[in-house]
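Open the structure in your viewer and keep the selection tool at hand. The stops below say what to select next and what is there.

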Amino acid sequence: MAMPYVDQDECIGCESCVEICPGVFHMNDDGKAEVIDGASGDESCIQEAMDSCPAECIHWQD
Ligand code: SF4
């Protein structure tokens, strides 16, 4: 199953991905989004979050 990751250096903490896909992303203590451990996301939801990310910092992991 494809999993996303967030480039922490690029994330601006807008929380858009968390709003779109709360089962997959959450905000960490540094105010950056990260993928929830063991998240099994709906790919269309993840893709939507990716497309909506203003910093374009969500990527698919190989
Ligand atoms: S949408 Fe992008 S910039 Fe906004 S919190 Fe998520 S990863 Fe960070």
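**Stop 1: the ligand**

Select the ligand, which sits in the largest cavity. The model you are looking at is a predicted one.

Now show the residues around the ligand. Val-6, Cys-11, Ile-12, Gly-13, Cys-14, Glu-15, Ser-16, Cys-17, Ala-33, Cys-53, Cys-57 and Ile-58 surround the ligand. How many of the shell residues are nonpolar, polar and charged? Nine are nonpolar, two are polar and one is charged.

**Stop 2: the nonpolar core**

Next, look at the largest nonpolar core, which has 17 residues. Select Val-6, Cys-17, Cys-21, Val-24, Phe-25 and Ile-58: these have the most contacts inside the core. Which elements give two or more residues to this core? They are helix α1 (16-20), strand β3 (33-35) and helix α2 (43-52). Of these, α2 gives the most, with four residues.

Stay with Cys-17 for a moment. Leaving out residues up to four places away in sequence, Cys-17 touches Pro-22, Phe-25, Ala-33, Ala-49 and Ile-58. Cys-17 is also one of the residues around the ligand.

**Stop 3**

Select Cys-45, which is in helix α2. Is Cys-45 buried or exposed? Cys-45 counts as buried because its relative accessibility is 17%, and the limit for buried is under 20%. Apart from neighbours within four places in sequence, Cys-45 is in contact with Ile-20 and Cys-21. Then pick the C-alpha atoms of Cys-45 and Gly-23: these residues are 22 places apart in sequence, and the atoms are 9.8 Å apart in space.

Move along to Met-50, also found in helix α2. Met-50 has a relative accessibility of 11%, so this residue counts as buried too. Its contacts, with neighbours within four places in sequence set aside, are Pro-4, Ile-58, His-59 and Trp-60. Between the C-alpha atoms of Met-50 and Met-3 there are 12 Å, and the two residues are 47 places apart along the chain.

**Stop 4: His-59**

His-59 is in strand β4 (residues 58-60). With a relative accessible area of 30%, His-59 is partly exposed. Which residues does His-59 touch, not counting those up to four places away in sequence? They are Met-3, Pro-4, Tyr-5, Asp-7 and Met-50.

**Stop 5: two loop residues with positive phi**

Select Glu-15, in the loop between β1 (4-6) and α1. Phi of Glu-15 is near 70°, which is a positive value in a residue other than glycine. Glu-15 is partly exposed, because its relative accessibility is 39%. Glu-15 also belongs to the set of residues around the ligand.

Finish with Glu-56, in the loop between α2 and β4. Here, too, phi is positive in a residue other than glycine, with a value near 50°. Is Glu-56 buried or exposed? Glu-56 has a relative accessible area of 62%, so Glu-56 is exposed; the limit for exposed is over 50%.

Note on methods. Residues are numbered from 1 along each chain as its sequence is written. This is a predicted model: local features need pLDDT of at least 70, side-chain atom pairs count only at pLDDT 80 or more; totals for chains, interfaces and linings use all residues. Side-chain values use heavy atoms; hydrogens and water are left out. A residue is near a molecule or strand if one of its heavy atoms lies within 4 Å of it. On a 1 Å grid over the protein atoms alone, a cavity is a set of points where a 1.4 Å probe fits but cannot get out, and a pocket is an open set with protein on both sides within 12 Å along at least five of seven lines; lining residues have an atom within 4 Å of a point. A molecule sits in a cavity or pocket if more than half of its atoms lie within 2 Å of its grid points. Ala, Val, Leu, Ile, Met, Phe, Trp, Tyr, Cys and Pro count as nonpolar, Asp, Glu, Lys and Arg as charged, and the others, Gly among them, as polar. A nonpolar core is a set of buried Ala, Val, Leu, Ile, Met, Phe, Trp, Tyr and Cys residues joined through side-chain atoms within 4.5 Å. Buried means under 20% relative accessible area, exposed over 50%, partly exposed in between (1.4 Å probe, protein chains only). Contact means heavy atoms within 4.5 Å.
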